[in-house]
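Subject: Structure handover

Hello,

Please find the structure below, with notes on what was found in it.

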Amino acid sequence: MKTRLIKNLSKDEAGEMKEYFLQSLYFRKRLMTVIDEEVESLHNSMLNEEDYTSPNWSLLQVEKLAQIKSMKKIKSFLE
């Protein structure tokens with residue numbers, strides 16, 4: 001659990017948060033799997049040859065990279 005999740009909480013609140021975090025193991029694992037699948041899908045879509053013909057190709061790539069980065073950041077809070 002990232003300490004950022006319990007930052008600025010009282011000792012009791014932090015204890016409760018840790019307990020909830022541990023109880024949600026199955027949900028977190030499933031959510032991480034879904035995030036991994038979405039990241040894989042975005043990686044694959046970056047190789048889509050039709051997108052190469054778009055004049056906005058570089059912007060599309062940057063947008064997808066930003067999405068991947070965001071998903072990985074969220075996933076890090078779930079680990």
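N8 is exposed, because its relative accessibility is 72%. For these classes, buried means under 20% relative accessible area, exposed means over 50%, and partly exposed lies in between, with a 1.4 Å probe and protein chains only. N8 sits in the segment before α1. Its phi is near 70°, which is a positive value in a residue other than glycine.

This is a predicted model, in which local features need pLDDT of at least 70 and side-chain atom pairs count only at pLDDT 80 or more, while totals for chains, interfaces and linings use all residues. Residues are numbered from 1 along each chain as its sequence is written, and side-chain values use heavy atoms, with hydrogens and water left out.

Overall layout

The protein chain has three helices and zero strands, and along the sequence the pattern reads α-α-α. Helices (H or I, at least four residues) and strands (E, at least two) are DSSP runs, numbered from the N terminus. Helix α1 covers 11-23, helix α2 covers residues 25-45, and helix α3 covers residues 57-78.

How does the radius of gyration of the protein chain stand against that of a compact globule of 79 residues? The protein chain has 18 Å, whereas such a globule would have a value near 12 Å. The radius is taken over C-alpha atoms, and the globule rule is 2.2 Å times the number of residues to the power 0.38. Along the principal axes, the C-alpha atoms fill a box of roughly 55 × 25 × 10 Å. Of the 79 residues in the protein chain, 22% are buried.

Contacts between helices

The structure holds one salt bridge, a term for a side-chain nitrogen of Lys or Arg within 4 Å of a carboxyl oxygen of Asp or Glu. Which side chains form the salt bridge? They are those of K75 and D36, at 2.6 Å from N to O. The pair links distant parts of the chain, with K75 in helix α3 and D36 in helix α2, 39 residues apart. Side chains of opposite charge can pair when their charged atoms come close. D36 counts as partly exposed because its relative accessibility is 38%.

I74 is found in helix α3. The C-alpha atoms of I74 and I35 are separated by 8.8 Å, although the two residues are 39 residues apart along the chain. I74 has a relative accessible area of 47%, so I74 is partly exposed.

L65 is also placed in helix α3. At 46% relative accessibility, L65 counts as partly exposed.

Surface patches

Patches are made of residues with over 30% relative accessible area and no salt bridge; like charges are joined within 9 Å, and nonpolar side chains (Val, Leu, Ile, Met, Phe, Trp, Tyr) within 5 Å. Accessible areas come from the Shrake-Rupley method with a 1.4 Å probe, and for residues only the protein chains shown count as cover. Lys and Arg count as positive and Asp and Glu as negative, while His and the chain ends are not counted. A charge is placed at NZ of Lys, CZ of Arg, CG of Asp or CD of Glu.

- Positive: K2, R4, K7, K69 and K73 form this patch. K7 lies in the segment before α1 and is exposed because its relative accessibility is 58%.
- Negative: D12, E13, E16 and E19 gather in this patch. D12 is in helix α1 and, at 61% relative accessibility, counts as exposed. E16 is in helix α1 and, at 41%, counts as partly exposed.
- Nonpolar: M1, L5, L9 and M17 form this patch, with about 280 Å² of accessible area together. M1 is in the segment before α1 and is partly exposed, with a relative accessible area of 34%.

How far apart in space are E16 and M1? The distance is 13 Å, C-alpha to C-alpha, and in sequence the two are 15 residues apart.

Regards
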